[in-house]
Amino acid sequence: MAMAIKLSLILLLCLSSLLAPSFSLFEDQVGLMDWHQRYIGKVKHAVFHTQKAGRKRVLVSTEENVIASLDLRRGEIFWRHVLGPNDVVDKIDIALGKYVITLSSEGSILRAWNLPDGQMVWESFLSGSKYSKALLTVPSNLKVDLDSPIFVYSGGCLHAISSIDGEYLWKKDFAIESVDVHQLILSGGSDVVHAVGVTDSSQFDTYEIDVKNGGLLKHTSASFPGGVYGEILPVSGDRFVVLDASRSVVLLITVNNGATHLQQTHVSDLIHGSSENTVILPSKLSGIFSLRTDSCIVFVKVTDEGKLNVMEKVDKTVVVSDALALSEGEQAFALVQQGDSKIELSVRLVHDMSSNHLKETVKMDHERGFVHKIFINNYVRTDRSHGFRALIVMEDHSLLLLQQGEIVWTRDDGLASVIDVTTSELPVEKIGVSVAKVEHSLFEWLKGHMLKLKGTLMLATPDEVAAIQQIRLQSSQKNKMTRDHNGFRKLLILLTRAGKLYALHTGNGRVVWSTLLQSLRTTSQQQCAGLKLRQWQVPHHHALDNNPSVLVVGRCGLSLTSPSALSIVDAYTGKELQNLGPAEHSTVQVITLPFRDSTEQQLHLLIDADKRAHLYPTTPEAASIFQRESENVYWYSVESEAGILRGYGVKKTHSSEYSFEARNLWSIVFPAESEKIIATVTRKPNEVVHTQAKVIADEDVMYKYISKNMVFVATVSPKASGPIGSATPDESVLVVYLIDTVTGRILHRMTHLGSQGPVHAVLSENWVVYHYFNLRAHRYEMSVIEIYDQSRAENKDVLKLIVGKHNLTTPVSSYSRPEVTTKSQSYFFTHSVKAISVSSTAKGITSKHLLIGTIGDQVLALDKRFVDPRRSLNPTQAEKEEGLLPLTDALPIIPQSYVTHAFKVEGLRGIETIPAKLESTSLVFAYGVDLFYTRIAPSKTYDSLTEDFNYALLLLTIVALVIAIFVTWVLSERKDLQDKWR
Amino acid sequence: MAVPRRSKPTLLLLLLLSLFASSSLAIATGNGGGYSINGRVKIPGFGAKGFGLPVKANNAKVILNGGQQVTFLKPDGYFSFHNVPAGTHLIEVVVIGYFFSPVRVDVSARNPGKIQAALTETRRGLNELVLEPLKEQQYYEIREPFNIMSIVKSPMGLMIGFMVVVVFLMPKLVENMDPEEIRKAQEEMRNQGVPSLANLMPGAGAGGGRSN
């Protein structure tokens, strides 16, 4: 009887958990515990669209392959499209006043987008015969047979394309003449396109082409034996400038009535003094060109007689904008001068170079770094004079609009290129809160709950419903700058490609602080980039007065052997505490050691390109700790190109106090002709596993093989390493390995015939789940491998397990070679995958969810029970009790279990999970071009009341019960009295 | 989200037109190094369902081979990939709110112009490369409208209900009972004693023994 009750209870539990996906959200809960931020990335090109009527907007293309239309008033995104990873935007322009034209993929794809809503109107594929630079010219007022053509030079051909429907009008191939076209010029009013180019870098060619049919009207050429460097740039309609191959001579080319005239001027005549690394800046100013050298920028005017006059010399850090045509044939351009915590913007007119038309000084946060780009636009003021607005791109990739000496809006678009993520706890709340505050908050709290009660009873007016939503979204609790009881409030520390560090509050995603790291700033000498972000100091017991800090590891230079830059940053304030760079060694690998010194600084090993290990922090204490533990320090390296996996330990003899020689312990060489490494995955170092035992049906126990030193390696046959469609099923083989990184022992090896990559995998506890493509079924598959320790298998006494008298306390060691068994199963999965991760909780008790970033830039939560290798077609009664699901060939995709619900994390690159203090809950942060944060409870929030728990209803019930008690008491008293009278 | 009103009717009109226009689909055409794949995405009820949908489909993407090429839909739903080598490829359609099956497309090198397409989820072959969603996706739970039953079923409701039963019905039950029977029942209770926890959970103790 009791057994039956227990059974039915378990069944009920299982059923209830099966029916409802454990992650699900009501629509009005959006924004309650999640936030989503949309970004575009560092702007490459910007085109303004400011007509008198209608919205003012700016169209931008960015380094993240995003094209977007931004509101010029507030900087918000009207619409945005993220192109494919290989579809780099070359040029952007506006045609017919209503289409945005983009040229991408090295000039092979031309697309038109509807300006108001971003709908793609047409797309043309331009095939070329050879690689060349891409040029786009959209004439503003050229009409050919009721059509306005767009001219594109790409792949060695000049294409004319209708701007209405994207149809080909004509094509002229320049590849036969082996000429490399540098400029396309349309002189206003005429029906001729001028193509200016260079043949074999020693002959200058101009072509005049009929816009109607592409016929060649005229061809002139002139040779100069010196060769050219860089691009030919137009100065005026018939004059061009270019540098010669030695970069010391400016060539002025004049095309006059079919004759080409060359004139040489030495750069040293224009600029007195050093003139290294000279370039001509493409600024499109009429009659003027600008020349940049290592020391300065000079503006040179070309007179009608062909003389070069230096007009002005400015500092080389000045950023110059393109020319902007004003109404009366006048041209203006902007210069930005960098000052200390301010920038100076000046606008000049080409006709009157001597004085500034406009000069403004704008205060600028020095954490934004230098100005990288400037785009200007004009508007007509009420007094008919010209006003200017400038869009500037800063060193940290942020975008700002300046107008009338003020910053109108800013966008932190550096957050579109997050490289690495870590978290930090917030400071502990100081005790001593005023009574008034408590009373106020209590009153507010009660009021909120009364409103909520009204809402549930459907008594609330629409205004009150709005108020309820407002209260829920803006709960001041979640945005506090202190640690909370549940561990939901944290700082997300993000390292971006620009070398800037951001701290975001998990409550609402606001930027708490941001720092441009001085050690990672790219200078003219070297290009620096951030690599890794690690927790450096996490104060727990000893150093509670210290703020936590993070370690940023970067590289100064492009090659692997370039010196590394290290910097330690305070996680509360963003101050750079210590700048350890540039270090003398390079860094290819960062290993966080599980040791801490007395100030709770985490010990780190940095492995350089010569396989030497460098210990940080460089203190004698850290060195002595490391010396003591050095026998147990192991690491491995993956040489994907050579197909070798090597394991290392530390040599006893060390070269200096803090750097150690590595000794090669083992190596696994994969046969190059049949296997190529495409993916390696390890466990997250901070993952917590609650128990090694797994109780299965029939009160049996299995022991998980839990080792921190396990690596998953996937290899494919070299032929199948390309994209899908490049290999046949017969020639592609996917092999996966589980390898112990201390001994190099291959724990498990499995072959998937007819399968290929890309492989995305996640390794956690004793299992690995990986996603790959099955060519035979032509579907994606996901496989799971679970690995169990066989040596403890006979140890099956559940009672002993409960009491604690089992051998689980004997440590798991990689030195012993336990017998392991593996179980494996495969399932179909519908979508391509971009990233895969697993939920992590504080104690590891809660069941796990896989977080799968799909090709649609959504994050799907999939219960780990769906990828359990013990699933069978007809599970026995005992297995059903255990919660084992019947086997299906495909993994289910339940729309309610998308953690990103109706949002997309465009350009998704990674998913990070962070355990909260509350065991049931895991924090999820997904990043790409967009950022998304939420928290999930894989087994529901069994340890806390849900957000919509109604306290008011509880209070009402209690009050009702108390009243009922009184009423019944009075009633019974009266009855007793009556009985006594009887 | 910020889409000017005036553009929508024209868009809708185009879409409606495209629904009725019959078209022959040239699926693959030889072109220098590679082939082209042309197809079309059709979302049923695109015009009928109101103004919300064009914005949704505005962000539609068509993806070849898991990201090798990404393209977008024209207003009439057509899309094309260019420069695709011969072989078997996979096309995925991404529209928020709809579930599309990936499509297997065979581009033949031997006889250009002939391709085969099939949905990988249902293994249904396609004569034309017209992709329709298998189902709509609802990302949110539907909140149940208020009813008295949900209050009654909630812990608080159960508490009140139980109290009402005990207060008003129990005395009636006791009243109707024979005094003899009550005494009997009370005696029985006394004899049985307090039921122990161990009796309730025979599985734990017995199971442990058996497995040895």
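Predicted model: local features only at pLDDT ≥ 70, side-chain atom pairs only at ≥ 80, totals over all residues.

Biologist: Which residues of the largest nonpolar core touch the most other members?

Modeller: Membership in such a core calls for buried nonpolar residues joined through side-chain atoms within 4.5 Å. The largest nonpolar core has 38 residues. Those touching the most other members are Leu70(A), Leu391(A), Leu492(A), Leu494(A), Phe925(A) and Leu931(A).

Biologist: How many residues are in the second, separate core?

Modeller: Among its members are Phe79(B), Val93(B), Val95(B) and Ile115(B). In total, this separate core has 25 residues.

Biologist: Back to Leu492(A): what does this residue touch, not counting residues up to four places away in sequence?

Modeller: Contact here is taken as heavy atoms within 4.5 Å. With those sequence neighbours set aside, Leu492(A) touches Trp35(A), Val421(A), Thr422(A), Thr423(A), Tyr502(A), Ala503(A), Leu504(A), Thr506(A), Ile914(A), Phe925(A) and Tyr933(A).

Biologist: Turning to the surface, which element gives the largest share of the nonpolar patch?

Modeller: The patch includes Leu442(A), Trp445(A), Tyr951(A) and Trp969(A), and its residues have about 1100 Å² of accessible area together. Two elements of chain A, α3 (435-456) and α8 (951-981), each give two or more residues. The largest share, eight residues, comes from α8(A).

Biologist: Is Phe966(A) buried or exposed?

Modeller: Phe966(A) lies in helix α8 of chain A and is part of the nonpolar surface patch. Its relative accessible area is 51%, and the cut-off for exposed is over 50%. Therefore Phe966(A) counts as exposed.

Biologist: And Ser840(A), is that one buried or exposed?

Modeller: Ser840(A) sits in the loop between β59 (833-838) and β60 (849-854) of chain A. Its relative accessibility is 9%, and buried means under 20%. So Ser840(A) counts as buried.

Biologist: Which side chain makes a polar contact with the side chain of Ser840(A)?

Modeller: Leaving aside neighbours within four places in sequence, Ser840(A) is in contact with several residues, including Lys684(A), Lys848(A), Pro915(A) and Ser922(A). Its side-chain polar contact, at 3.2 Å, is with the side chain of Thr913(A).

Biologist: Last one: what percentage of the residues of chain B count as buried?

Modeller: Chain B has seven helices and twelve strands. It exposes about 12700 Å², with carbon and sulfur atoms supplying 60% of that area. Of its 212 residues, the buried share is 38%.

Conventions:
Residues numbered from 1 in each chain as written. Chains lettered and ligands numbered in written order. Heavy atoms only, no water. Buried < 20%, exposed > 50% of the residue type's maximum accessible area, 1.4 Å probe, protein only. Patch = residues over 30% accessible without salt bridge, like charges linked within 9 Å, V, L, I, M, F, W, Y side chains within 5 Å. Areas by Shrake-Rupley, 256 points an atom, 1.4 Å probe, with all protein chains shown as cover. Salt bridge = Lys/Arg side-chain N within 4 Å of Asp/Glu carboxyl O. Helix = DSSP H or I, 4+ residues; strand = E, 2+ residues; numbered from the N terminus. Polar contact = N/O pair within 3.5 Å; in protein donor to acceptor, adjacent residues only side chain to side chain.
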